Each structure stands twice: as structure tokens, then as C-alpha cells.
Amino acid sequence: MWVGGIVYEGGSLMNGRGAGELTARVSEKGAHPFVGVCLWDSWGRVFVRMEGVGQTMVRGLSVGRLLQSVDDIQQLSPSPFQPFEESANSSEALYIPQVKNELIPKIKQQFISLEDVFKAYNDYAFEAGFSVRINSSKTDKNRETIRKEYVCFKEGESKCSEASQRQRGLTREKCGAKLTVVKNRSGEGFVVTQFVEGHSHPLTTPIKKHFLKSHRRVSVAQKVLTQQLSAANVSTSQQMSVLELQAGGLENVGCLRRDIHNFRRDMRKYVDGHDANMLKDLFETEKEKNTGFTYIIEEDDEHRLIHCFWADATCRKSYEYFGDVVVFDTTYNTNKYRLMFAPLLGVNHHGQTTLFGCAFLSDEKSESFEWLFKEFLKAMPGPPPKMIITDQDPAMTRAIASALPNTFHRYCIWHIVSKFSEKIGALAYKEHYEDFKKCIWNSESPEEFDTTWAYIVGKSNLSTHQWLQSMYEIRDRWVPAYTRHIFSAHMTSSQRAEISHAFFKRYLSDKNSMYEFVTQFERALARLRHNELDLDHKDMNEKPILKTSWSMEKKLSELYTLHSFKKFQEEIFQVNAYVLTILHEDECRSVWKVHREEMEGSRGREVLVDKSSNRVSCSCQMFEFDGIPCRHLLAYLSLMQIRELPSTYMLQRWTKTSKAGRVFDDLGSHQKEICDSSLLVRRQGIFRLAYTVLDYAVLDVQGTEIVQEALLSSQKKIEFVRGSRQYGCTSSIQLPISLGSQHGLKEPQKVRAKGCGKRLKGGKEKAVKKSLHKMLGTIWVCGYGDDIRMVPYA
């Protein structure tokens, strides 16, 4: 009996998951067709019940082939079916795929190559609804393949091991479907010698075909795109969403999310052992593009990378303009080798963080820091910085004293102040911390600080406190009263570095190789520099709103950046609220007292005027510390009817033209583009053009038709060109990765830094935990029944 040309005539379908039925036109072979009922059960077996015939199983017809899927029941189309076959070794039914005749392999069919064989059988398998894998292969004495066997992915028998931890289910079902080819004796190519069509299992429905392994592939274009998206810190799930939109649905993507994961895993394995060489290749390429790029790699006796420093032309130019103050701190968990990442940072004319250089360090010894600072000075075009801000690391302190002897080394005030709650105890912290804070921040002279500090430690009975004594001994490195006379761009701590670390880590991972780190770091750096460019654009096209009628305010609004002008505007706006009285005057100088008129008890400032140089300075030292003239100084200029701010009180680094000066070292402002024929570059160029054309084309039907016609014509031409190439030549399409093995540089060993993996806890948090530990000691933990035990508090 056979089923031919099924025409569904308004039959019924049971809603249960098990069985269903549908009216069909069925015929005996050679007899007249008549109406019967098709039934299928949950195992995928199909039966036909006919009047006078009974119930017969149609072997070789699965539910998927009959109905496509339950979801697609509404649109069923006629489909021819072949006769069933009995299994050679069992009475079980065989499922015969129903596909177009031209796709079915034929005995003695010839193919030019094994790639053609696999493609033809895999195309057949896709239409049929199963996946293909290679089962066996035989070679001759010259190691050339003379026989190959391709089978269904359910061929064989699964070996179940209780010790296995894998969650994957069993897939092998002893399926006998296969295709065998042997080398053609009469010439080149391969010929089909065996083809088994029947399967021992139901075939996959069309809506699920994209899950079959042999039909999933991450194309070269998708690999390049995912690399681009990964460089932009786009997660794999989001990458799949992009591919879904491009393909018009997940089923059309051609791969699954785990395939993208596997591709990234394979790429990491691919570069294992070559990372250091690839990094050096990358640096060499950047140097060829721009001669202003500089780098240095330090190796040990085994040619293993231990330290690395690099800076591009923009970093070096930024140092020339804004390198008077440097903030330095190391961070961890940015690469798989656990090397410390050590950026050297500063502040630009917009008050934004700017980068001067970067380094990888394998340890935190003073010798390593000294190496870095010396290489940093060699690479930078200007003199050493006036100030460098770090935490209280002893190794850093020794290295800075050796490599930067003329640079003022300031300790981060935040790291010190945050330790008060931990060091002096909870009770003393609660009662006296506000006094310490006012002493630290409000003292305007070293003498005032010393006097106030001595009074507070005496009042709190902390005169002999060891930690407070040690902090007092180094007060000239962190207390504002001792450091305000040195320009620091309004920075008192290294928190700017820590904020930058958090920003960069959004683009980085502890699984990054050094090559991946640098490429993704460049992406983050580009975002940082784009923000600076955005503010440069606003400075050129936006004018701030003035608050006074002073000509000085109007003049400075044209010279200062918006960030700097807002600070200056706040000072000049307060000028009229201050009153000046002279305290002392002689031939050389005069001293004026400046205080707020309406606020009783307000602290007055002293303005000192040097008559010989016409230099005006204020006791608040805002100009020396921040580079912006204070309100007290401006009040004196107003009293003297000086309507224009002298150039002495206008720092070039805060103006719009701060980057207009020429950097005398040749930093290669012109970037030389290296010829790159990689798919990545070509794809970017085509995409830019395509987006522009499509934006216009989709506006009307005629434009859409023109683009469609052009694309179809291009597709045919490309297929012809690729098909006419000589068979066997390798594709020129490669991923943009070079292993750089010619350098002989070994990867660094994994290191364990002292701060790696630890979260920086505040002093208050530590103090609370310590106090609870002392109060609670050990606690009793009671369980059920007699399970009573004593557990120390952790």
C-alpha cells in the first residue's frame, strides 16, 4: 500500500500531545482513491485507517514529514511519499525522507572533491531533517583519502557512564542511514558506492532544522562582526540579537549562541602561546601607522615578558599640554595573566581625565615602578611633572624618590582619612572625627594645622597613638595646608585613577589576553577622547550665560573652556559681597584683609601685594592650588579698578587654546595608513556604502526595486567569479589575527598581586566588623535535636 498525493479535506486534529487524526485521500496501489483517516501517535508513527482495510502503519512517514509541525497545521501542502522499507536486521519501521529527487544521492554518482560530497549530502540532510557527521575514513600509503563514510548523527549506540558529569542527553539510536564514497580509479574525484536512505528515528521538522549541528556554522562575516561587537563590549546574547535582526529571525542566523561562545573559546586557544608575540606585532603595526607611537617591552633571561609600557602620539601630546600633574595607581583583574595594569593619568582643560601612558607590570616592587617611571620620562616630550599623586605604597615612594627626584610626591588624602574609623577606634572616631576633619581641611597654614592637631590629640587622649603619630610625621605629603602652594589641578586624591579604572573595566575582562586587552582598551580610550572632542566642539559653538556686567567676565568667557569659566564665574559673582580693609603697608608691600560683609564671624583672608612685581597673592592659595583666581584676589582687583585680568593669573592649560601650541618633539601627527585587505576592513567600507544607499532606497518602491535588481545582479557576478577560480586555492578571507611567532617572545607567567581580588573596604566598615567581633566573640548555633555546637564569629 502507498500514500500518494495526499489532499487534506477539512479533517480534525486532537489537541492532546499524544495522538491526532486527519482526514486524507488514500489509495491502494493500482486502485481508485477513497477517503480515509490518518492517525499518528506520540512516537511519530503514522497509521492509515480505511473502510474495509483496517489500520495499517505507513513506515517511512513521520509526523514531521506529514504535518511539518503542529504549529504549521494551518498551511499544509501536498507532498509525494515514497514506499516504505523494512530494516535489514529488525522488524522496526524505517523513516524514508521525502525530498526532491535531484537532491537524493545516487549510486555511482561522482564528485570532484570530498568537500563537494559533504556539501551534497549535508544539503540533502537539511531538506530531509537530520544532521550529518563523518564516521570513518581510509587512506592509502601516501596518506591520501581513498574512502570516506558519512552517517546520520544518530548512528551508533550511546555509552552511558554513571560517572559522567555532563548534562547532555543520549542521541545515538543505531540509525543505519549513511553515504559511502571511494576514490575514483579511472580518474580524479570520488564515486558513491553505498547509500542507505532509511532512518530508525523520526526526522526533524522544518521549524527545528536550524538546531541540527551539521547545518550550523558561524560564517566568516559573522566571526568578524562578533569580533567587532566583542571589542565594543557587547555581550554574546546581544550579539545574537544583532545577528537575528540582520537575518530576519533566529532560525535564519545559521548558528546558535553557544556556537558564538565556542568560536570565542577556540580563538583564545588559537592564540595560546603566541600572545606576547601578537602584542609586539600590534605595537609594531601602530608604530608604522604613526611614528609618534612608542613602546618598550622588558624580558627576563628566558625571553618571557615581565613589563611593558606604551603610549601613542595623542598621549604624548596630552602630556605636553597637561603633564604638570600626574595621578598614578595600579589595578587588577584586567587580563588572564593577572598582570597589574598601571595607567598614568592627568586632567585636561575640560576637567576630564586624560591618559599619558600605560603599562603592564608583573610585580609591585620598587624596581618595577622605577623602571616604569624612567621609561615614562623617556617617552614624554616635556619635563618631569610638578606633582604626582599616589597612595601610600612604600615601593612607589622609593621609586618616585629615585626616578622623579624633583617632582612633589603627594599621598592620596582619601586613603588616609578613610582609615580614621579603623585606626583610632569607634568611640574616639564618633567623638573626635569631625574635629580632625576640620583641622585637616580648614587649616590655611602649617602653623595653624600643627596647633589645632596638637589640641585635638591632647583632648582625645590620642597623643601616643602610633598611627596618628606616623600620619603627622608625613603631614607635608597629604595635608592641604602643606601642599596647597603647589599646583595640583584641584586634585587631592588618586580617586580619579580609581574612577578611570572602573570606566576601563567596563570594556575589559580577567579572561583577556594581552592582545585582546590592548585592542579593547583602545576602544575605551577612543570613547574617552571622543568625549573630549565633544566638549571642544561645544566650546567653539556655545557661549555661557553671563551673571554680571563686568567686562572681565565677558572677556574670560571667550578664553576659558566652559568647565573653567564656570569656576571663575562663581568667584567673580561673589566679589561684591566682600569688603577690603588695609592692615599694613610699606614701600615693598601691602596687606589687605578681605571678609564677607553680611556674615558675622566669617573667616577673613589676607591679600598680599608685592609692589615691586605687582604680584597679588591670597592666603587661601586657590590660584596656586587650582589655577583659577579666587574671589578675594578679584575683590582687590575690583577695588583697584583693574578691569582686565592680568595674564599672570590666567593659566594657558584652562583655556580653549591650551592645545594650540606646537609640541617640539616629532610625534607624527599624520597617521600613515597601512594597506590592509582583510575582510574586516572591506566589510566596514561596504557597510558604510550600503547603509547610505539603503537609507534612500527604502523611501519609495522604485528605489527599493532598483537596489534589489542591483544586488541580485551583483550576487550572480560574485558567484561566477568565485566559481571560476581554480579549485583547491585557499581563500584570501582570514580573520585579522597574526600570531607574530617570529619574535620568539614568551608569554608572562601568572602573578599574584597583593591587592588582587580584594575589595577596598572603608575604614568605617572595617571598624564596625571589628567592634562586632569583640562584642560577640563566639556565638551558639543550635540545630535540630542534639545538634548544638559553638562556632567562632567570622
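Two rings of Phe, Tyr or Trp count as a pair if their centres lie within 6.5 Å. With that in hand, let's walk through this predicted model, in which a search of the whole structure turns up 35 aromatic pairs.

F283 belongs to helix α6 (residues 275–289), while F293 sits in the loop between α6 and β10 (294–299), so the pair ties together parts ten residues apart in sequence. Both F283 and F293 are buried.

Now turn to F449 and Y482. Here the centres are 6.1 Å apart and the planes stand at 90°, so this pair is edge-to-face. It links distant parts of the chain, with F449 in helix α13 (residues 446–459) and Y482 in helix α15 (residues 480–483), 33 residues apart. F449 and Y482 are each buried. Elsewhere, K183 lies over the face of F190, at 5.3 Å from the ring centre.

From rings we can move on to cores. In soluble globular proteins, nonpolar side chains tend to be buried together. The largest nonpolar core in this model has 100 residues, and F309, W310, F373 and F568 have the most contacts inside it. Helix α17 (residues 514–541) contributes the most to this core, with eight residues. A second, separate core has 23 residues, including Y411, F436, F449 and Y482.

Leaving aside residues up to four places away in sequence, F373 touches F328, L344, I388, A399, I400, A403 and L404. An α-helix has 3.6 residues a turn, so residues three or four places apart point the same way. Finally, look at the N-terminal end of α9, which is capped by D393: a side-chain oxygen of D393 lies 3.0 Å from the backbone nitrogen of A395.

Note on methods: Residues numbered from 1 in each chain as written. Predicted model: local features only at pLDDT ≥ 70, side-chain atom pairs only at ≥ 80, totals over all residues. Heavy atoms only, no water. Core = buried A, V, L, I, M, F, W, Y, C linked by side-chain atoms within 4.5 Å. Buried < 20%, exposed > 50% of the residue type's maximum accessible area, 1.4 Å probe, protein only. Helix = DSSP H or I, 4+ residues; strand = E, 2+ residues; numbered from the N terminus. Contact = heavy atoms within 4.5 Å. Polar contact = N/O pair within 3.5 Å; in protein donor to acceptor, adjacent residues only side chain to side chain. Phe/Tyr/Trp six-rings, centres within 6.5 Å; stacked < 30°, edge-to-face > 60°. Lys NZ or Arg CZ within 6 Å of the ring centre and 35° of its normal.
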